[in-house]
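Here are my notes on the model you sent over. Have the structure open while you read, and go through the points in order.

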Amino acid sequence: MNLRLYLLRRLFLLIPLLLGLSLLTFTISRVLPGDPVGLAAGPQATQEIKETLRHEFGLDRPLPRQYLSYMSDLFRGDWGRSLYSRREVASDLRTFLPATLELTLAAVVFAALLGTSLGVLSALYRNRLPDHLARVLVLFFVSFPAFWLAMVFQLIFGLALDWFPIGKRFDVLVPPPQNITGLYLLDSLLHLDFESFRISLWHLILPALVLSFGSLASITRITRANMLEALDKDFVRMEKAIGLPQRIIVVKYALRNAFIATLTVISLEFGWLMAGAVLVETIFDWPGLGLYAVESSLRLDFQPIMGITILYGIIFSLINVITDMTYGLLDPRIRYG
Amino acid sequence: MADITRSGGNLRKGARSARWENARRSFYRFRTNVLSMLGLGVLLLLFVIAVTAPAIVPFPQDATGKLHVLERLEPPSTVHPFGTDHVGRDIFSRVLMGTGLALKVGVVIILMAATIGVSLGAVAAYAGGWVDELLMRITDIFLTVPAFILAIAITAALGKGITNVMIGISLVWWPGFARLTRSLVLSLREDAFVEAANGIGASHSRILFRHILPNAVSPIIVKMSTDFGFAVLTAAALGFIGLGAQPPTPEWGAMINSGRDYFPDKWWVATFPGLAIFVVVFSWNLLGDGLRDVLDPRSRR
Amino acid sequence: MTNNDFLLDVRHLKKYFPQRSGLFNQKISFLKAVDDVSFTVPKGRTLGLVGESGSGKTTIGKCVVRFLEVTAGEIRFADINLAELPRQELQRKRSDIQMIYQSPAASLNGRMTIGQIIAEPLWIHRRLRRERAQQRVLELLDIVGLKEEHFYRYPHEFSGGQQQRVGIARALAVNPQLLVLDEPTSALDVSVQAQVLNLLQELQQEFQLTYLFISHDLGVVRYLCDRVALLYLGKIVEIAKVGIIFEQPKHPYTQALISAIPEPDPEDQREQIVLRGDATLARPQRGCPFAPRCQADKLEICEREEPPLRDFGHGHLVACHLYPKGS
Amino acid sequence: MGTPLLDIQDLHVEFRTFDGVSKVLAGVNLRMERGDVLGLVGETGCGKSMTALSIARLIPTPPGRISAGRIHFAGEDILEKAPAEMQPFRARHLGMIFQDPTTNLNPLFTIHEQLIDAVLYQRHRSQRVPGKWKGFLPSARQLRREAHRQALELLKTVGIPDGRRRIFDYPHQFSGGMRQRVLIAMALAGDPDLLIADEPTTALDVTIQAQILLLITDLVKQLGLSVLLITHNLGVVAKTCEKVAVMYAGRVIEQSPVQELFTHPKHPYTRGLLSAVPTKRTRRGELRGIPGMIPNLIDPPSGCRFHPRCPKVMDRCSQQVPPLVQIGPDHSTSCHLYSEHHDE
């Protein structure tokens with residue numbers, strides 16, 4: 001009832017947001033200086049070839065017309081083509097998205113679990129050794145450039161210790177699990193193929209770990225601050241006064257209060273990590289959106305750029321909606337209306 | 001009408017300033033934080049290095065385009081403490097010469113982003129109505145795409161180069177400041193002392209600049225200090241992709257990228273610039289952590 | 001009496017807060033925080049606005065000083081309708097009407113010194129600055145019982161009572177005629193409350209100030225006010241001279257409220273009327289708003305029709321069906 | 001009379017602050033018998049809440065600490081107990097309610113959840129209480145069902161008759177008065193020997209205050225409860241309590257039966273306090289406050305801490321701490337005006 005109405009309104013509000021987003025990306029990719037056709041055709045290309053390309057991609061038409069035709073194509077499910085490979089953007093996105101999603105999700109889950117635990121630990125031992133250690137530790141890991149740390153981890157855990165594979169999503173010689181969702185972990189579980197699950201998990205651990213470090217600090221910090229705030233609340237004193245054991249007070253009663261703020265940060269970090277995946281994917285040779293995004297940007301290949309940003313926009317907005325729904329589950333005072 | 005009055009007196013000067021007292025306390029709190037002091041110390045050292053690098057490094061020309069192809073990829077030694085790169089340049093010299101650039105990039109990005117974000121956020125919150133609506137929808141659009149992707153796209157469109165990197169990152173970084181400022185101003189606007197300022201007849205601009213913004217400064221500074229490290233990392237990442245400073249400028253991200261081809265056999269090429277980035281970001285983060293303890297009442301407990 | 005005898009004349013004041021819902025926030029219902037309230041305050045006198053939470057007393061205060069835009073009605077102050085004054089003129093007019101706040105600490109900007117805080121209205125309304133402003137600030141500090149050495153201090157260095165004195169000094173700086181006092185002593189301790197109440201009384205006598213005194217503390221209201229208006233869910237249920245309200249209250253709500261004051265006297269053997277329930281949750285759709293909690297012998301009409309305010313002479317007005325005849 | 005229920009002797013509590021050590025309690029002496037309804041009165045910062053928190057050992061440490069003194073509860077010295085022993089002690093023997101019913105209930109959990117935990121942990125040892133996740137065990141289900149029944153009964157006791165329907169509501173769905181009733185139910189769940197009520201009606205409206213005070217009075221009669229009622233409101237004390245203790249700046253300065261205190265107050269501070277409350281007999285302009293303000297407890301006045309504000313100050317007041325002396329049946333005060341008589 002109320003919730004459905006709220007959901008409807010949120011989804012409805014996505015439309016102007018995505019329109020604005022497409023306009024922004026269009027501006028970036030076409031209005032700003034840069035010569036995508038020149039880049040695509042190569043330095044030896046004649047004026048004639050360039051003109052043909054321009055015509056083919058509709059670049060000789062006025063900008064508003066270009067935008068309108070792009071948008072109308074988009075609504076019909078046509079996301080355009082790459083200037084280079086001439087492949088359809090939509091099919092590229094379908095290929096690359098699951099890999100990035102799997103990597104990002106794994107990193108978010110890891111960062112959330114570790115960050116929340118460290119935050120709670122920090123709060124409970126406020127200003128004592130475990131608190132200082134936890135704070136320095138997360139600051140330490142967040143201070144490395146992810147791409148560099150990825151290389152160092154490959155060197156240590158992959159080459160020197162030989163614990164993990166150093167790249168790709170799966171063993172080269174074995175076929176990956178049959179595609180259902182495109183998330184290898186999930187697919188292998190659905191097929192009850194535990195060997196595939198093990199292989200893909202092994203491939204996932206290093207990149208997910210490196211990626212998650214970037215979010216550890218903010219999740220830990222916000223959990224610590226809010227846990228301290230929760231532990232300072234009157235109701236915690238009341239719960240102590242009536243003789244509830246400490247673990248029940250912390251784990252059951254205080255943590256839920258603190259976690260609401262942590263959840264906000266986690267959902268923001270999801271976006272940050274999806275972007276951070278760009279670099280980690282490059283190093284780990286992970287066939288995700290990241291590589292695609294970087295290459296398209298460097299070539300000013302505008303159709304993929306538009307596609308990627310709009311896709312990111314949709315995903316990120318959906319995460320926001322899901323987060324808001326989760327607030328409602330955690331906090332009965334929130335009323336959707 | 002006559003003033004509400006009885007008698008008057010003259011003020012004897014010499015009352016001690018409570019603000020100074022507050023500053024002293026804050027500094028005391030900060031000083032007791034050993035790690036923050038360490039961070040501050042390292043940063044000061046880095047600033048000194050940034051200024052004096054051309055005078056103290058063994059091979060200053062290596063940062064400005066000189067090549068020594070015969071000495072390429074030499075491992076660390078007494079002559080080249082960090083080894084040499086694929087065209088024989090002294091990595092130690094180049095890392096030190098790059099310090100200034102890294103610091104400048106971080107500072108410029110944060111200052112630009114904060115300036116844009118704080119002004120827009122304050123205007124949106126205080127004006128309210130359609131102005132607020134419009135500005136916040138624009139902010140939302142920027143926040144919908146992961147900042148890094150957008151920064152890549154903008155920088156790529158503007159063209160490679162360190163200035164465009166700074167512009168590109170600032171353009172995606174301000175929405176965070178706008179959101180923060182707006183929420184601060186909105187909540188301060190409800191505070192009794194702002195109502196009181198309205199009650200004595202203060203104008204809008206007086207309320208905003210004299211009463212609201214001074215009370216919003218601390219969280220903004222905290223965010224600036226927290227974000228600084230991320231800005232340096234982001235700029236380095238763009239450099240790594242190849243969008244940043246072009247050769248022969250000693251930009252650490254680009255140096256790591258050029259070392260990638262020789263990794264891990266010639267590990268030193270990529271390792272030392274990476275460590276340099278880490279030192280800058282880590283020491284700044286330590287400092288920022290201490291600053292937050294002093295300025296943010298929530299983490300003070 | 002002519003209008004000029006009243007410094008403040010509030011007529012049919014309404015303040016509704018819209019509550020939005022629906023797909024596009026389009027459905028609107030209203031919370032009637034203040035619903036058709038009229039009262040007058042003669043110059044130099046004190047009217048107490050009394051009620052529990054949800055009664056609308058603070059909302060009325062905020063409407064009078066125009067911190068809130070009124071939904072309907074007039075707020076006549078010395079023959080100007082404040083409710084319709086444009087902002088520019090309103091801000092100028094504010095030198096005549098000042099407010100004292102419930103939480104003294106929160107009403108002072110923590111980043112300004114006491115001197116700056118009290119001097120601010122002087123700059124805004126009279127362009128007084130530096131030495132000339134300082135002279136006046138020192139006078140004001142003396143008037144409210146603070147010392148010169150407090151000039152360069154910051155609010156957080158003061159106790160609650162002193163902070164409230166600073167608030168009073170700021171309000172007095174530009175010679176107001178009307179002070180709206182919103183629970184000025186409820187954040188203070190008893191011994192300090194007495195000091196502040198006495199200060200307010202001295203100031204009123206010395207400078208002919210008019211007070212609109214908002215409070216939930218009936219003891220304080222009885223001590224300080226000339227007339228008292230009792231509010232219940234946004235409406236006046238009874239208004240009269242202070243003696244009448246406390247000695248011969250008519251309305252069952254007034255009676256219950258008076259009997260619920262805990263008197264610091266163990267021998268106080270008055271029979272106590274303990275109301276059931278809670279005002280805001282027991283708001284009826286129609287009829288007398290107090291009917292669901294009323295302990296008197298209710299009439300059938302109570303649940304059906306809202307009682308009007310009827311006049312019982314000497315400015316004693318009651319809204320209750322049990323008293324059908326006015327004078 | 002046997003051992004008193006509560007006997008606090010020379011209790012000292014200190015708080016470390018940036019400016020120095022604040023001597024929040026400086027020798028509190030207080031005695032309660034079983035069945036007493038004792039009012040503890042004083043202004044902000046006098047230490048009345050600190051005294052209550054000390055009894056439950058809930059002083060936040062650091063920065064606070066109990067630096068000296070003894071607290072005997074039914075013969076046992078509470079301050080000797082290990083921290084781990086305090087949780088079962090609080091569960092079994094103490095019930096506490098606090099000022100603001102809005103902030104003292106956890107907003108994210110139903111009344112059911114919170115009240116059931118109160119029942120379970122106060123009536124059983126914490127190791128024996130099965131977590132909710134063990135709900136599939138028959139023994140655990142039985143225990144929880146029993147707790148549910150007891151919770152409903154408690155709600156009835158505190159005057160929430162439709163508990164069966166309302167127990168699954170969240171705190172924000174209750175009014176302030178109802179929330180305070182729920183909190184009282186939680187405090188009573190373990191059948192405590194002593195109910196400590198810290199300003200239980202300060203955040204409530206006058207008519208709701210009357211309801212809650214009536215409830216407390218009824219509970220005293222019904223359950224034979226002992227109550228330590230902490231308040232700044234002398235009217236509330238007059239209405240509810242039999243005995244009263246007045247605190248000032250970290251010490252109890254006068255203790256007596258209620259009647260006696262209001263008719264024959266002895267300590268100059270008590271007198272000042274009584275004359276500062278406007279009553280129906282107070283005429284306009286007759287209200288007298290106490291000059292000055294409460295002292296800074298980091299550097300408190302020497303001797304009697306009230307002496308800088310006292311109208312009857314003598315030389316020795318600034319030199320010696322006046323002892324608490326008996327001046328009548330059940331009436332004691334700590335003031336040099338009376339210790340003189342005692343000495344002679």
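How much of chain A, with its 337 residues, counts as buried?

1. For chain A the figure is 44% of the 337 residues. Buried here means that 20 or more other C-beta atoms lie within 10 Å of a residue's own, with exposed at 12 or fewer, partly exposed in between, and C-beta atoms placed from the backbone. Before going on, a word on the source: this is a predicted model, so local features need pLDDT of at least 70 and side-chain atom pairs count only at pLDDT 80 or more, while totals for chains, interfaces and linings use all residues. Residues are numbered from 1 along each chain as its sequence is written, and chains are lettered from A and ligands numbered from 1 in the order in which they are written.

2. Chain A has 13 helices and zero strands. Helices are DSSP runs of H or I with at least four residues, strands are runs of E with at least two, and both are numbered from the N terminus. Along the principal axes, the C-alpha atoms of chain A fill a box of roughly 85 × 55 × 40 Å. Take the contacts in chain A with a separation of 6 or more: 71% of them join residues 24 or more positions apart. A contact means that two C-beta atoms, placed from the backbone, lie within 7 Å.

3. On to the A/B pairing: 40 residues of chain B are in contact with 46 residues of chain A. Helices 4, 5, 8, 9, 10 and 11 of chain B each supply at least two residues of the side that touches chain A. That side of chain B divides into 27 nonpolar, seven polar and six charged residues. Nonpolar covers Ala, Val, Leu, Ile, Met, Phe, Trp, Tyr, Cys and Pro; charged covers Asp, Glu, Lys and Arg; the others, Gly among them, are polar.

4. Have a look at helix 10 of chain B (268-295). Of its 28 residues, 24 are buried. Helix 10 of chain B reaches 40 Å from its first C-alpha to its last, close to the 40 Å expected at 1.5 Å a residue; the expected span is 1.5 Å times one less than the number of residues.

5. Chain C is assigned domain 1 (3-225) and domain 2 (236-327), with bounds from an automatic or database domain assignment. The C-alpha centres of these two domains of chain C lie 28 Å apart. Eight residues of domain 1 and nine of domain 2 make the contact. On the domain 1 side, helix 7 of chain C gives the largest share, three residues.
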